[in-house]
Amino acid sequence: MFQITPIPAFDDNYIWMLQKPGSHDVVVVDPGDATPVLAKLKQDQLQLQGILITHHHADHTGGADQLAKQFDVPVYGPANSPYKGISQSLVDGDSCEVLGQSLSVRTVPGHTLDHISYFIDGEQPQLLCGDTLFLAGCGRLFEGSPQQMLKAMNYFSQLPDNTQVFCTHEYSLANLAFAEAVEPENAEIQQTISNCQTLRKQQKPTLPSSIAQERLINPFLRTQQASVRDAARKYQGADLKDEEAIFAAIREWKNNF
Ligand SMILES: [Zn+2]
């Protein structure tokens, strides 16, 4: 496992920094801006050894070219990415090794068509999921279909309970307000709102989440639950034939929430 630290960027992005405990070598994930990364490296006297990219959006890739050039490090990312700065192309089922640790790559299209996630197995599993899975939410469907995103959610859902989930935006409270609207009776959601409010008052990240927590609170991982199904039907004003239709209705509801 890695020691994983957030480097805040823009309004609500987190650039996650991976490090082996006791080492000064680090890898950063989705550096949308080089400036805060450079400041962190300097401040803590760290050595950048590589960059991981989850998808092509500028707030995830904008600083990668500069960092890769300055430190002469590899840039791992999806093989089918419109972002052209990737030196190590990855496809579904690949594993890549950074800082002596193996990461499993899965394609998880939906938010974009080139989106991938990185999973680190072990006693304390860790997931780097970009803009796909959020605490109590999922990414907007800019390029992919509800079917594709639901497949990604099903992959995340079967990961070990204690998997730490490193999402790339601080969207938790807004997502939880929506989750509460979908499932007003869900006590776990109420409790998580309270926990996250406390963290935000202290200006701390609400992340990482965990897969166990997401299974209890995230409407996009709970489309098989009767409460979520009924809420989706009520929103749509129609019977929804399958899980994919329920997922699509919930996603559309969130877009308009
Ligand atoms: Zn994005």
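1. Phe-10 is found in the loop that links strand 1 (3-9) to strand 2 (13-19), in what is a predicted model. Although Phe-10 is not a glycine, its phi is positive, at about 50°. Phe-10 counts as partly exposed, because 13 C-beta neighbours lie inside 10 Å, and the partly exposed class falls between the limits of 12 or fewer for exposed and 20 or more for buried.

2. Asp-30, in the loop between strand 3 (25-29) and helix 1 (34-44), is another residue that is not a glycine and yet has a positive phi, here about 55°. Asp-30 counts as buried because it has 26 C-beta neighbours inside 10 Å. As background to both points, most residues other than glycine have a negative phi, and most peptide bonds are trans.

3. The peptide bond that joins Leu-207 and Pro-208 is cis, with omega about 0°, and Pro-208 lies in the loop between helix 6 and strand 14 (209-210).

4. Helix 6 (residues 187-201) has 15 residues and reaches 21 Å from its first C-alpha to its last, which is close to the 21 Å expected at 1.5 Å a residue. Its buried residues are Ile-189, Thr-192 and Cys-196; seen down the axis of helix 6 they fall within an arc of 60°, so they line one face of the helix. That buried set packs against helix 5 (172-182) and helix 7, whereas Ala-187, Ser-194, Thr-198 and Lys-201 are exposed on the other side of helix 6.

5. Helix 4 (residues 146-157) can be read in a similar way. The buried residues of helix 4 are Pro-146, Met-149, Leu-150, Ala-152, Met-153 and Phe-156, and because they cover an arc of only 155° around the axis, they are on the same side of helix 4. The elements that cover these buried residues include strand 10 (126-130), strand 11 (133-134), strand 12 (137-138), helix 7 (211-217) and helix 9.

6. The axes of helix 8 (residues 226-236) and helix 9 (residues 243-255) come within 9 Å and cross at roughly 65°, and the crossing in which helix 8 passes helix 9 is left-handed. Helix 8 contributes Val-228, Arg-229, Ala-232, Tyr-235 and Gln-236 to the contact, and helix 9 contributes Ile-246, Ala-249, Ile-250 and Trp-253. By class, the residues of this contact divide into 7 nonpolar, 1 polar and 1 charged.

7. Asp-239 has its place in the loop between helix 8 and helix 9. Is Asp-239 buried or exposed? Asp-239 counts as exposed, because it has 7 C-beta neighbours inside 10 Å. From C-alpha to C-alpha, Asp-239 and Leu-18 are 45 Å apart in space, and they are 221 residues apart in sequence.

8. Lys-84 belongs to the loop between strand 5 (75-78) and strand 6 (88-90). Lys-84 is exposed because 8 other C-beta atoms lie within 10 Å, where the limit for that class is 12 or fewer. The C-alpha atoms of Lys-84 and Asp-65 are separated by 9.3 Å, and the two residues are 19 residues apart along the chain.

Technical notes
Residues are numbered from 1 along each chain as its sequence is written. This is a predicted model: local features need pLDDT of at least 70, side-chain atom pairs count only at pLDDT 80 or more; totals for chains, interfaces and linings use all residues. Axes are lines fitted to C-alpha atoms, for helices over the stretch in contact, and angles run from 0 to 180 degrees between N-to-C directions. Helices (H or I, at least four residues) and strands (E, at least two) are DSSP runs, numbered from the N terminus. A crossing is left-handed if the near helix is turned anticlockwise from the far one by less than a right angle, and right-handed if clockwise. Two residues are in contact if their C-beta atoms, placed from the backbone, lie within 7 Å. Ala, Val, Leu, Ile, Met, Phe, Trp, Tyr, Cys and Pro count as nonpolar, Asp, Glu, Lys and Arg as charged, and the others, Gly among them, as polar. The arc is that of the directions from the helix axis to the C-beta atoms. The expected span of a helix is 1.5 Å times one less than its number of residues.
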